[in-house]
Amino acid sequence: MTKHIRSLNTRLSRRQVMTGAVGLTFAIAVGADSRTRADALAKGSGEKALSPWVSIAEDGTITLMSPATEMGQGSMTSLPLIIAEELDADWQKVRIVPAPPNAAIYGNPAFGGLMMYTAGSNAVTAYFRPLRTFGAQVRRVLLNNAAKHWGVPVDELTTEPSVVVHAKSGRRLTYGEIAAFAEIPAKPPEIKPEDLKKPAQFRLISKDVMRTELPSKVNGSATYSIDVRVPGMLYGAVLRAPVEGSAPHKIDDAKVKALAGVTSIVRLPHGVGVIAETPWAAFMAREELTHSVTWTRTGAAWGFDSDQGLEEFAVEAKNLQGRAAEWSRQGDARGEFNKAASIIEAEYRCDYAYHAQMEPLNAVAAVSPAGDAVEIWAGTQSQTTATETPAKFLDIPPEKVELHDLLMGGGFGRRGNRDLDFIMDAVMLSKEVGRPVKVIWTREDDVHNGRFRPISAHYLRAGLDASGKMTAWHHRVAVDRIGPYYEPVLFQRNGGRDNVAMLGGEPRGYDVPHQLVEHVYRDTGVRTNPFAWNQLPSQQVRGRDIHRRDRVEARHRSARVSARAAQEHSARLQSSRARSANGGVGAQA
């Protein structure tokens, strides 16, 4: 389905109560029937910038901001529902709006509040306590206003869904009625943990609540970026370098330019872009370019073979005298192994894994003619990087990037890398032609240029005493570093520790007094990414007592990926498509 997007503005009522979090500023916005987006409203009507989580209209409609992106996991429902629970809101009157890109207000606490980032299955646990506290603060403000309006002690008041009740007099005020006269304090009320609801009092949390976006997915009205079409839009496709770090060397584009529907060929730092009047023309031209482009050999992964590489990783993991970075230590594991009655040893290997999200990567970008602003339609796991990265490329303030944060057809981490390659394709091409450009990756594009869970080899030893109790644990992991490539900013903030690559490495929760976990750093140059999933072994195989010299090796082969194999597959694919082109042209989108 193609959807023509003319305006994403949201009509808001005349007078609303608003509150912001992390600093929790409060304001009342007034503007008769003004049409304004929620994020513009969030900046407030005065000089002080405000970014509210909640607005309450006089008709009782409650608008809640959703800080996490929605990719099918339900965060667009679960996080606002947490606020609504402590606010004691009538869920039927709640409207949910994607929060604007403002990490200072909406940043994910799991990442230090430094960025809006939905990943690692942590949204609910990270936001749970802050959102409950915030919802309770808004409820307290409503109670205080009702108490003052009636001239009664606030302790005599309670709430039902979206209603303040004074049981002694039988009086009731809806939240919308309170919004008409509410005075918002400059400082939010203090909420202690004991002031929050007890689980037995929950009306929404733990209950069966319809996901807010589900009906639109069922009836087909849900908007993904692949649905978006804006006036004057062209279509783009990118032939990327087969190895990360390489660039186009020579481009013979005469035949490609002659193809029907092709409007431009653009040299990019990482490949060659095609711009055309239809997606099919762009795909066809991009395929033709595969025969017309040669590449520099500047990428580190040229010649790397994943099969041979995994064997080398395994050797490094088992070499106890080899260099390794200490990841975690408890007690004296090395010394304890000398005392162990028996030792069990095992090896595990993990191959590359592909994300395989359902919706192909895609984005629409419209860079202004002067290059001083850009409007983007995309599904992204990080609203922060989706504004900061284009802003850095265009050398403009992040405020000049207008992001339409749309639903995603799956993410699994692939839509969260800091360089946001699929969004930047659209931004770069739009800047070149001065018109909106939609870039769609085919499934083949996504496989060839994926951000794979890296290969890894694991060597583990367990020392047991005479009773069979485990007293020592040693785990050496040889793996490509993920952090420097996938998230260099957080990698540096963590002091160069690759928390993503080593996630789950420590045997926490086990009563093993002596533990040692080591990371054997590798940098092959292959594109890596977490969440496809955890690089630690997914297949467990029991080892045997090495005093009997029995050893166990477990292999989990999820994909065969190497720079050489990818090139060979690409050549076969182009040959196959060339044969099928005689009967028509098609491509996956």
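Two strands pair if DSSP finds at least two bridges between them. Strands (E, at least two residues) and helices (H or I, at least four) are DSSP runs, numbered from the N terminus. This is a predicted model: local features need pLDDT of at least 70, side-chain atom pairs count only at pLDDT 80 or more, and totals for chains, interfaces and linings use all residues. Residues are numbered from 1 along each chain as its sequence is written, and side-chain values use heavy atoms, without hydrogens and water.

**View 1. Strand 22 and its antiparallel partners.** Strand 17 (residues 342-350) is joined to strand 22 by nine bridges, and the two run antiparallel. Alanine 346 stands opposite leucine 460 of strand 22. Nine bridges also join strand 22 to strand 23 (residues 470-480), again antiparallel. Here alanine 462 has tryptophan 473 as its bridge partner in strand 23.

**View 2. The hairpin turn.** Five residues lie between strand 22 and strand 23 in this hairpin. Glycine 468, in the turn, has a positive phi of about 90 degrees.

**View 3. Burial of strand 22.** Nine of the nine residues in strand 22 (residues 456-464) are buried, so the strand is largely enclosed by the rest of the structure. Buried means under 20% relative accessible area (1.4 Å probe, protein chains only). One side carries Ser456, His458, Leu460, Ala462 and Leu464; the other carries Ala457, Tyr459, Arg461 and Gly463.

**View 4. The largest nonpolar core.** A nonpolar core is a set of buried Ala, Val, Leu, Ile, Met, Phe, Trp, Tyr and Cys residues joined through side-chain atoms within 4.5 Å. The largest has 49 residues; Trp53 and Leu157 are among those with the most contacts inside it. Helix 4 gives the most to this core, with 11 residues.

How values were computed. Buried means under 20% relative accessible area, exposed over 50%, partly exposed in between (1.4 Å probe, protein chains only).
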